Amino acid sequence: MVKWLLCGAAMISGIVIAAETENRSFQFGNFEVIAVQDALSAMRFELFPGMPEDEFLRLTGGGRVPSSVNVFLLKRGDGKIILVDAGNGGKRGGMLRKLEQSGVFPESVDFILLTHMHGDHIGGLLGKHGEAVFSRALVYVSMPEWEFWQNGTAGPQGKQVRKVLHAYGSRVRTFRFGEEVLPGIKALDASGHTPGHTVFETDSLLIVGDLLHAAALQIPRPEVCTIYDMNPSGAVQARRRFYEFAASSPKPVAGMHLPYPGIGRIGRSAAGYVYLPGK
């Protein structure tokens, strides 16, 4: 159990310095979706317990598998601005600077939807002194996720979550799976990675959070977990369920750890599933 409690500090331990990526804008139904890369990452073999090393090397072609830390900004037709997850924050994350490049400043964000509360998804909610970065935004998280972290979970991750909950106070809202969290955005149960991990569905897009961390491995091998999956069997079940959902749907997926810009399609192949980058 201690292993995953440390995930907030270790989640991007494979950071690679590379050229700056530009924000990418897409239109999906009623939403303009802006993909922002908070950080580039690459994941080591050791992060995938139980996977044979020869299989890892065959699928990745090298010592690390490409990944990313992405956030998605949704602009609704009525002018409301919705941020889905908030990246690492601090020196690790470039989200705030990159949002400003798209003309979006913290005080202009109306709502923040959290797929879950691991450190590379909530770190950007806090400033240097533990203050709330987004001064007006309401923060939404699933009830099972909120309840889990409220129960006094120890370790640095639990401490960071409690700082976020304290900083945002009465502006934190909870939702239940199956509900329409905001107009046009429904919350779907993807628990496994964390107890309240959420997929958000719009009319034209599935935002799948940490359903997977390494597309090159986990699309063809959905049974492969990372050390960050708190309930591995639940995470595998969620992956298989949503892969089938996505493969049967015209909707692309947007993933927080899919290679940037983090948007593509999951389709079927003779061997199982395949990932096709792009809208």
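Mentor: Two strands pair if DSSP finds at least two bridges between them. Helices (H or I, at least four residues) and strands (E, at least two) are DSSP runs, numbered from the N terminus. This is a predicted model, in which local features need pLDDT of at least 70 and side-chain atom pairs count only at pLDDT 80 or more, while totals for chains, interfaces and linings use all residues. Residues are numbered from 1 along each chain as its sequence is written, and side-chain values use heavy atoms, with hydrogens and water left out.

Trainee: Which residue in β14 is the bridge partner of G264?

Mentor: The partner is P277. Strands β13 (residues 263-269) and β14 (residues 272-277) run antiparallel and are joined by six bridges; a hairpin of two residues connects β13 to β14.

Trainee: In what order do the seven strands of the open sheet stand?

Mentor: The order is β1-β2-β3-β4-β5-β6-β7, with mixed pairing. Because β1 (24-28) and β7 (172-175) each have a single partner strand, they stand at the edges, and one side of each lacks a neighbour in the sheet. Within the sheet, β2 and β3 run antiparallel, joined by 13 bridges; I34 has L73 in β3 as its bridge partner.

Trainee: How are two packed helices described?

Mentor: They are described by the angle between their axes and the distance between the axes. Axes are lines fitted to C-alpha atoms, for helices over the stretch in contact, and angles run from 0 to 180 degrees between N-to-C directions. The axes of α6 and α7 come within 10 Å and cross at roughly 115 degrees. Helix α6 is therefore roughly perpendicular to α7, a class that covers 65 to 115 degrees.

Trainee: Which residues of α6 and α7 meet?

Mentor: With contact meaning heavy atoms within 4.5 Å, W146, W149 and Q150 in α6 meet Q157, G158, V161, R162 and L165 in α7.

Definitions and conventions:
Parallel < 35°, antiparallel > 145°, perpendicular 65-115°, else oblique.
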